[in-house]
Amino acid sequence: MASEGLSYDGCNFFRQRLVLSTLSGKRVKIKNIRSKEDDPGLREFEASFIRLLDKVTNGSRIEINQTGTVLFYQPGLLYGGSVEHECNPQRSIGYYLEALLMLGAFMKTPLKATLRGVTNDRTDPTVDLLKSTALPLMKKFGIDGEGFELKVVKRGMAPGGGGEVVFTCPVRRTIRPIQLTDPGKIKRIRGVAYSARVSPQMANRIVDSARGILNQFLPDIYIYTDHMKGANSGKSPGFGLTLVAETLNGCFLSAEMTSTPQGQGDPVLPEDLGRNCAKLLLEEVHRGGCVDSTNQSLALLLMTLGQQDVSKVLLGPLSPYTIEFLRHIRDFFQIMFKIEVQKPLEDERKGGDKVLLTGVGVGYSNINKTLK
């Protein structure tokens with residue numbers, strides 16, 4: 001894979017660049033990483049992310065200068081296998097997991113990753129959210145099978161962490177193209193209210209207040225309460241709620257909220273958290289589309305890597321993260337999507353403006369997978 005490398009400036013979209021570099025086999029140089037700050041260079045959680053990439057690949061070359069402001073990365077082969085990783089508690093496990101979801105199907109051997117750290121925090125998608133939205137999305141692309149699951153063994157709230165998650169993913173030789181253009185109406189809402197190292201009553205209070213809002217719209221609502229005790233509850237107290245709305249055509253839209261970490265900022269009442277999370281879900285439904293805003297880039301990546309056939313997906317308004325991701329896909333895979341804005345008719349009640357993205361996959365074939 002002797003190809004000319006790509007060069008970027010700054011620490012933004014760090015994961016996107018490294019993940020796409022690994023999949024495309026193109027070298028990457030990232031310079032001026034926080035070079036103007038008092039504390040320049042890579043942060044602990046970014047270094048931890050690089051170590052994780054190093055564990056799932058074979059023969060990657062990583063060079064970092066002394067101040068940590070320049071990173072050179074030459075990707076090796078995606079190997080997979082059994083991996084254990086202590087995630088840096090500055091970011092939750094979701095930060096690391098999002099990348100593994102993108103890479104998991106293209107390994108040489110099926111991946112079994114045990115990640116330890118913070119399972120639920122306020123910045124990254126929580127493990128519960130990825131479990132209930134990203135996995136069903138990947139199944140649509142044909143990434144499925146017995147060994148495809150995400151288990152929360154222990155919960156760990158920020159800032160202490162202490163959670164544990166196991167992600168297993170089978171390998172695929174090719175990804176099938178998809179047409180996701182009609183999400184259909186919402187048929188049910190599922191959720192999980194979790195609490196750790198606080199009174200189990202907290203979760204019930206969250207559920208009651210969330211239902212107070214959602215019951216006005218549809219009857220089929222079930223929110224599980226998940227109260228972890230003892231050793232499985234991590235090192236810090238906290239609670240939160242993840243809600244997922246499922247449509248008739250099997251699309252999932254989600255929203256979530258987590259309590260303020262111990263010792264940081266004002267505490268949150270479980271009632272307010274439940275209500276606000278329900279409102280966030282309604283906003284996500286208004287934005288609509290077949291994939292929620294958290295998983296837009298995952299859907300676009302799998303469309304890019306699909307067979308050489310047309311894929312279409314209807315999304316709500318693109319998040320800034322997704323827009324940058326489209327630019328990176330152009331850099332690494334020379335793929336451009338056709339973007340059409342669809343305005344819903346006044347009387348249709350279909351929420352905000354939608355974007356239809358059409359693209360042809362690169363016909364990516366998993367060269368790492370051994371033929372049996």
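## A guided tour, from cavities to core

Welcome: this structure holds two cavities of 30 Å³ or more. On a 1 Å grid over the protein atoms alone, a cavity is a set of points where a 1.4 Å probe fits but cannot get out, and lining residues have an atom within 4 Å of a point. Grid points are joined across faces, edges and corners, and a volume is the space filled by probe spheres set on the points.

The model is predicted: local features need pLDDT of at least 70, side-chain atom pairs count only at pLDDT 80 or more, and totals for chains, interfaces and linings use all residues. Residues are numbered from 1 along each chain as its sequence is written, and side-chain values use heavy atoms, with hydrogens and water left out.

**Stop 1: the cavities.** Select E98, A99, M102, S297 and Y321, which lie nearest the centre of the largest cavity, out of 13 lining residues. The volume here is about 120 Å³. Helix α3 gives the most to this lining, with four residues; helices (H or I, at least four residues) and strands (E, at least two) are DSSP runs, numbered from the N terminus.

Next, pick out T133, P136, L137 and K140, which are among the residues lining the second largest cavity. That cavity has about 80 Å³ of space, and α4 (residues 127–140) supplies the most to its lining, four residues.

**Stop 2: a pocket.** A pocket, unlike a cavity, is an open set with protein on both sides within 12 Å along at least five of seven lines. Select T123, P125, L129, E256 and T294 to find the residues closest to its centre, from a lining of 25. Strand β15 provides the largest share of that lining, five residues.

**Stop 3: strand β14.** From β15, step across to its partner: β14 and β15 pair in the antiparallel sense over seven bridges, where pairing takes at least two bridges found by DSSP. The two form a hairpin with four residues between them, and G250 in the turn has a positive phi of about 75°.

Is β14 enclosed or open? Ten of its ten residues (238–247) are buried, so the strand is largely enclosed by the rest of the structure. Buried means under 20% relative accessible area, with exposed over 50% and partly exposed in between (1.4 Å probe, protein chains only).

**Stop 4: helix α1.** Now select residues 14–24. Eleven of the eleven residues of α1 are buried, so this helix is largely enclosed too. After the helix comes G25, whose phi is positive, near 80°.

**Stop 5: the nonpolar core.** A nonpolar core is a set of buried Ala, Val, Leu, Ile, Met, Phe, Trp, Tyr and Cys residues joined through side-chain atoms within 4.5 Å. Of the 78 residues in the largest one, F14, L23, F49, F167 and L300 touch the most other members. Helix α3 (residues 93–103) contributes the largest share, nine residues. Zoom in on F14: its contacts (heavy atoms within 4.5 Å) include I30, L42, F49 and Y95, not counting residues up to four places away in sequence. Finish at A203, V207, I223 and A255, which belong to a second, separate core of 23 residues.
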